[in-house]
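Have a go at each one before you read the solution.

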Amino acid sequence: MSDCSLDGIGVLVTRPEGQDQALATKIRALGGDPVLFPGVRIEALGPDELASRTASLGSIDLAVFVSQTAVRFGVPALIERFGALGQLRFAAVGQSTAAELRKQGVTDVIVPKDGSGGEALANCSDLQQVAGCSVLVVRGEGGNDTLGSILAERGASVSTYECYRRKLPVQDFDAIESLLRGGRIGAWMATSNEILDNLLQLAGKHAALLRRTPLFVNHPHIAR
């Protein structure tokens with residue numbers, strides 16, 4: 001992507017608020033004009049609800065984090081529950097999630113070398129022999145169960161810790177509709193199926209404008 005030039009093209013960035021700036025900076029560096037329009041709203045759970053969910057957790061051998069948000073909300077709650085996590089192994093579904101873990105002081109992270117997502121992580125050599133291991137998947141409510149199912153089939157004892165919610169944002173699509181019609185947005189991005197669904201829902205009667213605008217995604221599942 002470093003050899004690309006966006007040359008004034010407007011790009012609709014739909015990452016959640018607080019997670020969009022790094023991508024926007026890269027778009028600007030390539031000459032593009034990022035338009036920030038969060039396609040999902042992240043809602044933290046209250047302290048009492050987090051505590052009640054961690055209270056039921058038993059011993060853990062491996063903690064798997066499915067997103068940067070899972071790291072931000074999950075690691076402090078797990079430290080509150082278990083104290084120091086030095087004996088715990090960590091895994092992340094992609095490089096950005098692994099980087100977030102490193103910000104939390106985790107130095108050794110299992111992460112896919114090629115690609116990202118639950119299936120890519122499951123293909124890592126370190127996760128081939130997990131029979132008898134206690135694995136905790138840290139995610140938001142209603143997250144994908146594919147990774148947990150794969151690890152369970154390999155003999156792991158898998159549990160989930162859902163530490164945040166994803167909501168449809170309260171957004172006015174009219175301004176985006178105007179930019180699309182005026183040719184000021186030439187591409188849009190979706191980094192999850194949920195964001196894709198939300199954007200089309202928010203667009204409503206203007207969804208056709210999005211459908212005929214080039215869409216860029218970060219995973220084959222979203223492309224399908």
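Predicted model: local features only at pLDDT ≥ 70, side-chain atom pairs only at ≥ 80, totals over all residues.

Residues are numbered from 1 along each chain as its sequence is written, and side-chain values use heavy atoms, with hydrogens and water left out.

**Exercise 1. Work out the order of the strands in the sheet that contains β1, and find what packs on it.**

Step 1: get the elements. Helices (H or I, at least four residues) and strands (E, at least two) are DSSP runs, numbered from the N terminus.

Step 2: pair the strands, which takes at least two DSSP bridges between them.

Step 3: zoom in on one pair. β1 (residues 10-13) and β2 are joined by 4 bridges, and Gly 10 sits opposite Asp 33 in β2.

Step 4: Angles run from 0 to 180 degrees between N-to-C directions, with axes fitted to C-alpha atoms, for helices over the stretch in contact. Helix α1 (residues 21-29) lies across β1, β2 and β10 (187-190), at about 155 degrees to β2. Helix α8 (residues 193-203) touches β1, β10 and β11, and makes about 130 degrees with β10.

**Exercise 2. Find the buried residues of α6 (residues 146-153) and say what covers them.**

Step 1: apply the cut-offs: buried is under 20% relative accessible area, exposed over 50%, partly exposed in between (1.4 Å probe, protein chains only). Leu 147, Gly 148 and Leu 151 come out buried.

Step 2: check the arc, taken from the directions from the helix axis to the C-beta atoms. These residues cover only 95 degrees, which puts them on the same side of α6.

Step 3: look at the cover, which includes β4 (62-65), α5 (118-122), β7 (134-139) and β8 (157-162).

**Exercise 3. How many disulfides are there?**

Step 1: use the rule that a pair of cysteine sulfur atoms must lie within 2.5 Å. The count is 0.

Step 2: Cys 133 is partly exposed at 23%, whereas Cys 163 is buried at 1%.

Definitions and conventions: Contact = heavy atoms within 4.5 Å.
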